[in-house]
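This briefing covers one protein chain, grouped by topic. The sequence and the model come first, followed by the notes.

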Amino acid sequence: MDSSGHIPAAAGIGRRRFLGYVLAASTLTVAAELGEVVFAPDEAAAVVPSVPGPAEIYDLNDMLTDAALPTANLITIRVDTDGTASFALPRAEVGQGITTSSAMLIAEELDLPLERIRVTLADARPELLFNQLTGGSNTTISTFTPIRVAAAVARGRLLQAAALELGAALNTLTTKAGVITSAAGGRSLTYGELAEKAAAMTSSQVSVALKDAAEFEVIGTAQGRIDAREAVTGRKTFAMDLKIPDALPTMVCRPPTINGTVRSVENLAEVRSMPGVTDVVAVSTGVAVRGRTFGQCIDAVRALKVSWGAGTADGKSDDTVHDELRRTELPLPALDLLTKSVDARFTFHFASNSALETNCAIADVRDDSAEIWGSLKSPIAAQEQIALKLGLPVSAVKVHVTEGGGSFGRKLFHDAAAEAAEISRAMGKPVKLMWHRTDDFRQGRTHPMATSRVRATYALGQVLTYDQRHTSVATDFGHGVGEIITAEAARLPVGGLTFSETIFALSQQTPYNFGVVTQTLGETDKGFNTGSMRNIYSPNVRCAQELVVDELARRMGKDPYRFRREFLKDERARAVLDKVVDVGNWGRSMPAGTAQGIALHPEYHAYVAVLAEIDCRPETTGRTVRDAYTGPRVTKVVCVVDVGLAVNPRGLEAQMMGGIMDGIAITLSSGLHLDNGHFLEGSWDNYFYARQWNTPPELEIVVMPPTTGQPGGAGELAVAGAAAAVACAYGRATGTMPTNFPLNHAGPLGFEPLPTTPPIPASPTDGLDRAY
């Protein structure tokens, strides 16, 4: 047994060793080693596949993982005298379950029960650099080894302390459930009893070996969320649940058009004298109102009479933006007269990534300091940029990361935190800022409108070329890679497109051998509040590609499944495709007006295959409660997912379910209508996210057995696969390739738009109580 307490591997089987640290502290505190040696492969990779795209060689997830490496040793685990292990996760928990999966990694290597692991969210720590960004399905990938190394170091240190206390040899000691037992005499000590004895006066470097996959007892097992009880009982603490002294409810009267400005306020004194109102000030985003209750804030906001200046999208509509996108499209190469081609152009309208929790934050700004609370996926960038705007040193601004009620990319931006800080400074008082639901839909971040122009040429049973020109309203990557340098670079006039093109190239790939493949990005119009909504470009790009794949199969007289399988590059992709076809009973006889569709999506070292069945018959489509959506209904979905190593299969299944619902929504019904500089949708009542009626009665998720020793990305994987499968099913059911998404966008609105001034309904909705 080595110093960490692990039995050495058998002769001939090399077990990789890792470096970690025992840190000087009052109780046992440990960390992982930093640097590329942690993730260096044992030997060179196999032969590089032919004609690989950039994302097949080095993708966005690889970039984020490598960026996090230099500060991996700053992520620490502490063992306390009560026998628990504490870990401040430098990521944001927004419902994806990373606190649970991180706890599982610690429990595995530390031999401590899951319920004795305490995972909290770390405050903004500038020294972490790129290691505190939550995005790109990267958390589990980038922390998988560092967390395990730190936990293994802790276990080894506890064993050494126990050996001294018990007077026993290391190789006679065993660990189980937080207890170390000696084979000689059966004496035992708990981790809590050893926590102070295992602590170190000075920091030192140690070497450890991690468990082999065959030894896993926690990793790879289905576990319930460690925060499930708090979530279902309402005890989970979000930003608006915090009781910060003197931080009163605050809301903002916002302009009728996107990014409009305040010219003047006609009745400022009158509103300031309304019941409960403490302050009313004009800020860069509108007119802020602070009151005793949110209900009083709403009354005051509705009473304000504001003269508004022009916004950044005044006069623009779906048609004008679409025309601009068409004019910006990069040209396709000339056609060879000896080949046939599939040519198609797809349009994807604006979509909202409004999370269930609206945009909110708490701020307390003083003359020489500031303190911020909020669900932030890029807290270092928030801290640095807020400090810059306030004219304070970064060290004077504290940013606390709270748990969030959903994100889907939204919380990569700290809009609410920056706005709260500005309001608090203007009022000279702490504020608890919350956006109304309508604010989120009309002034919040959106997935940008885009077109995708595709041409695939084929001859003699082979696809010779595949060209895709994706053109999008500019996606704001102002969060950068989690700190101020890349954040500011992404906002530069030239740097913006370069940054977007980099993200596009590192996230988009085709899984098929289609000869010469090109996929490029063009951008236009920075007048909108956009963001990298869940799956970034992939739902649009993959949906267009899979529809073209179906059309190629049809023209070449092949079954869509057989066609895909013939051209796939990777065996893991074939495996998930074969499995979904088997489980989903592909090719079964179905009534006219109904059909199956399949799609495949590779991303972040993971693969998903989705089979969807749809019913497009007029007599069986229906409407959801409280809205007028009528249209196709998805009746069945089978999803097969391979993420290499699934740390928590149950959590992975939940991620796939959520992604499937997102995919159904953006394909069938969920989109924003732009009209004269503002979006018509203003609540969940008229933003037709998939409801209970359109939730597939049959839904099955199949998690493939481990195919690699490392986890792949999962958080976004199913969105693109489900969106494409539903679109393909619709095309097969109707006999016409869909090209305009969501499918209901061109039809009647089905709702009466809320007024634009004031942009808050007369009565609070969406769970916004009038009493605070």
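**Packing around leucine 110**

Leaving aside neighbours within four places in sequence, leucine 110 is in contact with Val79, Ala85, Ala151, Ala154, Arg155, Leu158 and Tyr191. Leucine 110 is also one of the residues with the most contacts inside the largest nonpolar core, together with Ile77 and Ile106. The model is predicted, and the mean pLDDT of the protein chain is 88.

**Confidence**

- A pLDDT of 70 or more is reached by 90% of the residues.
- Residues 1-14 have a pLDDT below 50, and this stretch has 29 contacts in the model beyond near neighbours in sequence.
- Residues 34-50 also have a pLDDT below 50. Beyond near neighbours in sequence, 19 contacts are found for the stretch 34-50.

**Nonpolar cores**

- The largest nonpolar core has 56 residues.
- At least two residues of this core come from each of the strands β1 (17-23), β2 (29-32), β3, β4 (85-89) and β5 (117-121). The helices α3 (98-110), α4 (139-166) and α5 (191-194) likewise each supply at least two.
- Helix α4 gives the largest share of this core, 14 residues.
- Another core, of 41 residues, lies apart from it and includes Val454, Tyr458, Val463 and Ala544.

**Cavities**

- Rolling a probe the size of a water molecule over the atoms shows where empty space is left.
- The structure holds seven cavities of 30 Å³ or more.
- In the largest cavity there is about 190 Å³ of space. Its lining has 19 residues, of which Phe348, His447, Pro539, Asn540 and Ile666 are the closest to the centre.
- Three helices, α15 (538-555), α18 (649-668) and α19 (717-734), each contribute at least two residues to the lining of the largest cavity. By class, that lining comprises eleven nonpolar, six polar and two charged residues.
- The second largest cavity holds about 80 Å³ of space. Among its 13 lining residues, those closest to the centre are Asn359, Cys360, Ser375, Leu376 and Ala416.
- Both β17 (360-365) and α11 (415-427) supply at least two residues to the lining of the second largest cavity, and α11 provides the largest share, three residues. This lining divides into six nonpolar, five polar and two charged residues.

**Backbone geometry**

- Most residues other than glycine have a negative phi, and most peptide bonds are trans.
- The peptide bond from phenylalanine 741 to proline 742 is cis, with omega near -5°. Proline 742 sits in the segment after β31 (740-741).
- Isoleucine 536 is not a glycine but has a positive phi of about 50°. This residue lies in the loop between β24 (516-524) and α15.
- Is isoleucine 536 buried or exposed? Isoleucine 536 is buried, because its relative accessible area of 8% is under 20%.
- Asparagine 676, again not a glycine, has a positive phi of about 50°. The loop between β28 (674-675) and β29 (678-679) contains asparagine 676.

**Proline 70**

- Proline 70 is located in the loop between α2 (60-68) and β3 (76-79).
- The relative accessibility of proline 70 is 45%, so this residue counts as partly exposed.
- Proline 70 and leucine 129 are 59 residues apart along the chain, and their C-alpha atoms are separated by 8.8 Å.

How values were computed:
Residues are numbered from 1 along each chain as its sequence is written. This is a predicted model: local features need pLDDT of at least 70, side-chain atom pairs count only at pLDDT 80 or more; totals for chains, interfaces and linings use all residues. Side-chain values use heavy atoms; hydrogens and water are left out. pLDDT is the predictor's confidence in each residue, from 0 to 100. Contact means heavy atoms within 4.5 Å. On a 1 Å grid over the protein atoms alone, a cavity is a set of points where a 1.4 Å probe fits but cannot get out, and a pocket is an open set with protein on both sides within 12 Å along at least five of seven lines; lining residues have an atom within 4 Å of a point. Grid points are joined across faces, edges and corners, and a volume is the space filled by probe spheres set on the points. Helices (H or I, at least four residues) and strands (E, at least two) are DSSP runs, numbered from the N terminus. Ala, Val, Leu, Ile, Met, Phe, Trp, Tyr, Cys and Pro count as nonpolar, Asp, Glu, Lys and Arg as charged, and the others, Gly among them, as polar. Buried means under 20% relative accessible area, exposed over 50%, partly exposed in between (1.4 Å probe, protein chains only). A nonpolar core is a set of buried Ala, Val, Leu, Ile, Met, Phe, Trp, Tyr and Cys residues joined through side-chain atoms within 4.5 Å.
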